[in-house]
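Please look over the model below before reading on.

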Amino acid sequence: MGEVCGRCGRGQVAVVRRYSGERLCRACFLETFERRVYRTITKYDMLREDDRIAVALSGGKDSLSLLKVLAKIERRFPRAELVAVTVDEGIGGYREEALDYARRACEELGIEQVVVSFDELYGLSMDEVVRDGYLDELGLGPCTVCGVMRRRAIEIGAMKANATVIATAHTLDDIVQTYLMNILRGDLNHHLLGVRREGEGVIPRVSPFRLTPQWEVILYAYYNGIPMQEVECPYGHASQRFLIRSFLTEFEERFPGSLYAALMAIEGRLLSSQAVKEGAAGGGRCRFCGSPTFREVCRSCELIAQISGIRAERVRRALGGIEGLLAKARSA
Ligand code: SF4
Ligand code: ZN
């Protein structure tokens, strides 16, 4: 008989949380995992008892796990409802598999699913953004553009679904990565990420996994038989996030608990800063979409306007070319 679980004293140890020293059997890992998600929701007051919660469901293991946990938690709140919002970015050879997983998960759990696509919303797939030179004109990487377009697409999907809140599967790792990326850009966010902030014209977003390390979500997915996508996004390796993720993953591996310590340190600073107080009191709002922002127009609206501008300019040039040809033909 091997070592027994430090929590129940019965099961065999299957998981070791090095950051806390816990040595748990599989059942206790799953139970404490779900309990932590529930506690995170209550700690940050993320959800209301009568919320219609739109889960941003990409079909990857993180969002499928989130859907599963929330479906369990939601049973305790009969007035709350779950709906899934899935975005098809139009990345050939990559998205099809996850879209299929997302659809099947909703069918199995009996959850309504709203699917929106870049093509339908912007008239442009992510493959076209990359292939047709938009990235060079914008001077941006694929993930930056994809991230902004997807964020807006999720909002639109959530509005279609009449949701009152959006739940995303960002983990502790994702949140710390984003803070670090912001610091490296010289722009530390003015508010806590993944925590409910009400505002006119925008559906609040919450991240119930914000205190859960990525590896635990992967393990939760594995123990629950959640399918893992085999193909990786062909554009992901070019991103800043990819570099920061690699660094942080290795750092956490060597110094367990660093991610959580970083989150607490950054958020401690943020909470005491003037910017957060102003943000909590409302701050500014985007002139177009009403999202909280410290600029006149938020980054999403700005980028989407730039993309539309590039498209319009291309159409104008193409029409100009056709007119020129016609004029030549007439004068010949
Ligand atoms: Fe979009 Fe980048 Fe994610 Fe690919 S890796 S889906 S381009 S954000
Ligand atoms: Zn905006």
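## A predicted model

After helix α8 comes glycine 186, and the phi angle of this glycine is positive, near 75°. The structure is a predicted model, in which local features need pLDDT of at least 70 and side-chain atom pairs count only at pLDDT 80 or more, while totals for chains, interfaces and linings use all residues. Residues are numbered from 1 along each chain as its sequence is written, chains are lettered from A and ligands numbered from 1 in the order in which they are written, and side-chain values use heavy atoms, with hydrogens and water left out. Helices (H or I, at least four residues) and strands (E, at least two) are DSSP runs, numbered from the N terminus.

**Helix α8**

- Helix α8 covers residues 172-184, and its 13 residues reach 18 Å from the first C-alpha to the last, close to the 18 Å expected at 1.5 Å a residue; the expected span of a helix is 1.5 Å times one less than its number of residues.
- The buried residues of α8 are Leu172, Asp173, Asp174, Ile175, Val176, Gln177, Tyr179, Met181 and Asn182, where buried means under 20% relative accessible area, exposed over 50%, and partly exposed in between (1.4 Å probe, protein chains only).
- These buried residues of α8 pack against α9 (214-223), α10 (240-254) and α11 (258-272), and contact here means heavy atoms within 4.5 Å.

**Helix α1 and what follows it**

- The end C-alpha atoms of α1 are 25 Å apart, which agrees with the 26 Å that its 18 residues should span at 1.5 Å a residue.
- Among the buried residues of α1 are Cys28, Phe29, Leu30, Phe33, Val37 and Ile41, and the buried residues of this helix pack against β1, β2, α2 (61-74) and α9.
- Aspartate 45 follows α1 and is placed in the loop between α1 (26-43) and β3 (52-56).
- The phi of aspartate 45 is near 55°, a positive value in a residue other than glycine, and aspartate 45 counts as partly exposed at 47% relative accessibility.

**The zinc site and helix α13**

- Which protein donors hold the zinc ion (ligand 2)? They are Cys286, Cys289, Cys298 and Cys301, each through its SG atom and lying 2.2 to 2.3 Å from the ion; donors are N, O and S atoms within 2.8 Å of the metal (3.2 Å for Na, K and Ca), and since water is not among the atoms, sites may look incomplete.
- Along the chain the donors of the zinc ion follow the spacing C-x2-C-x8-C-x2-C.
- Cysteine 289 lies in the loop between β8 (284-285) and β9 (292-293), whereas cysteine 301 lies in helix α13 (residues 299-331), so the pair ties together parts that are 12 residues apart in sequence.
- Helix α13 has 33 residues and reaches 48 Å from its first C-alpha to its last, close to the 48 Å expected at 1.5 Å a residue.
- In α13 the residues Ser300, Cys301, Leu303, Ile304, Ile307 and Ile310 are buried, and the buried residues of this helix pack against α4 (118-122), α6 (134-138) and α7 (142-160).

**The surroundings of ligand 1**

- Ligand 1 is surrounded by Ile91, Cys143, Cys146, Arg150, Cys233, Tyr235 and Gly236, each of which has a heavy atom within 4 Å of the ligand.
- The residues of this shell divide into 5 nonpolar, 1 polar and 1 charged; Ala, Val, Leu, Ile, Met, Phe, Trp, Tyr, Cys and Pro count as nonpolar, Asp, Glu, Lys and Arg as charged, and the others, Gly among them, as polar.

- Serine 125, found in the loop between α4 and α5 (126-131), is buried with a relative accessible area of 12%, and, leaving aside its neighbours within four places in sequence, serine 125 is in contact with Glu89, Gly90, Phe118 and Asp119.
- Arginine 18 sits in the loop between β1 (15-17) and β2 (22-24) and counts as exposed at 51% relative accessibility.
- Asparagine 162 lies in the loop between α7 and β6 (165-167), has a positive phi near 55°, and counts as exposed at 61% relative accessibility.
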